[in-house]
Amino acid sequence: MEELVRREIYGPQGAQQIEDMGSIAVSIANRWQQGWPERVKSLIEARIYLVNLDAQIERELEASAGAVDLQILTQEPPIWQPTKQSDVTFLDDNAIWPLPLFVTYQGPRTEEQMVIETAMRRHQAAFTW
């Protein structure tokens, strides 16, 4: 596995979590850090870096499983950028956020929705730093 570039920016716990996610995670983290360090910093500060790294891993695994056109994979990290306009702050972003503590459904939740939500929360529980 390649070395994690500039591991100090993630802190000891964050760097370890990235490495524990595997070689694909380290490769993506390195690509993002070398090309877009300010975006990486912004995602880390917003505490949504790991959930977005995990989403990119899933995209890359799905694309490589199909292996038809790997050009569809984004090379850059998502954007999380607060912008202030007339004393109002807006987010210019395409980053993924972990599931909130509450999720609203139209009508009663199905068994399948409850299973998916529980699985997603367990998966995202690892993203603690």
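In this predicted model, Trp-32 is buried, and so is Tyr-49. The rings of Trp-32 and Tyr-49 have their centres 5.8 Å apart with their planes at 90°, so the pair counts as edge-to-face. Because Trp-32 belongs to helix 2 and Tyr-49 to helix 4, this pair ties together parts that are 17 residues apart in sequence.

The count of aromatic pairs comes to two, and the other pair again involves Tyr-49, whose partner is Tyr-10, with a tilted arrangement of 5.5 Å centre to centre and 50° between the planes. Since Tyr-10 lies in the segment before helix 1 whereas Tyr-49 lies in helix 4, the contact ties together parts that are 39 residues apart in sequence. Tyr-10 and Tyr-49 are both buried, and ring pairs link Tyr-10, Trp-32 and Tyr-49 into a cluster.

| Ring pair | Centre to centre | Angle between planes | Class |
|---|---|---|---|
| Tyr-10 and Tyr-49 | 5.5 Å | 50° | tilted |
| Trp-32 and Tyr-49 | 5.8 Å | 90° | edge-to-face |

Which residues have the most contacts inside the largest nonpolar core? They are Leu-4, Tyr-10, Ile-18, Ile-48, Tyr-49 and Leu-53, in a core that has 21 residues. The elements that give two or more residues to this core are helix 1 (11-20), helix 2 (23-35), helix 3 (37-45) and helix 4 (49-66). In soluble globular proteins, nonpolar side chains tend to be buried together.

Helix 1 shows a clear division between its sides. Its buried residues are Gly-14, Ala-15, Gln-17 and Ile-18, and because these cover an arc of only 160° around the axis, they lie on the same side of helix 1. The face turned away from that buried side carries the exposed residues Pro-12 and Asp-20. Just after helix 1, Gly-22 takes a positive phi of about 110°.

In helix 2, the buried residues are Ala-25, Val-26, Ile-28, Ala-29, Asn-30, Trp-32 and Gln-33.

Most residues other than glycine have a negative phi. Against this background, Arg-6 has a positive phi, near 50°, although it is not a glycine. Arg-6 is found in the segment before helix 1 and, because its relative accessibility is 43%, counts as partly exposed. Arg-47, likewise not a glycine, has a positive phi of about 60°; Arg-47 is found in the loop between helix 3 and helix 4, and its relative accessible area of 54% is over the 50% cut-off, so Arg-47 is exposed.

The protein averages a pLDDT of 81, and 76% of the residues score at least 70. Among the elements of the protein, helix 2 has the highest mean pLDDT (95), while strand 2 (residues 88-93) has the lowest (64). Where pLDDT is low, the predicted coordinates should not be read in detail.

Technical notes
Residues numbered from 1 in each chain as written. Predicted model: local features only at pLDDT ≥ 70, side-chain atom pairs only at ≥ 80, totals over all residues. Heavy atoms only, no water. Core = buried A, V, L, I, M, F, W, Y, C linked by side-chain atoms within 4.5 Å. Buried < 20%, exposed > 50% of the residue type's maximum accessible area, 1.4 Å probe, protein only. Helix = DSSP H or I, 4+ residues; strand = E, 2+ residues; numbered from the N terminus. Phe/Tyr/Trp six-rings, centres within 6.5 Å; stacked < 30°, edge-to-face > 60°. Arc of directions from axis to C-beta. pLDDT = per-residue confidence, 0-100.
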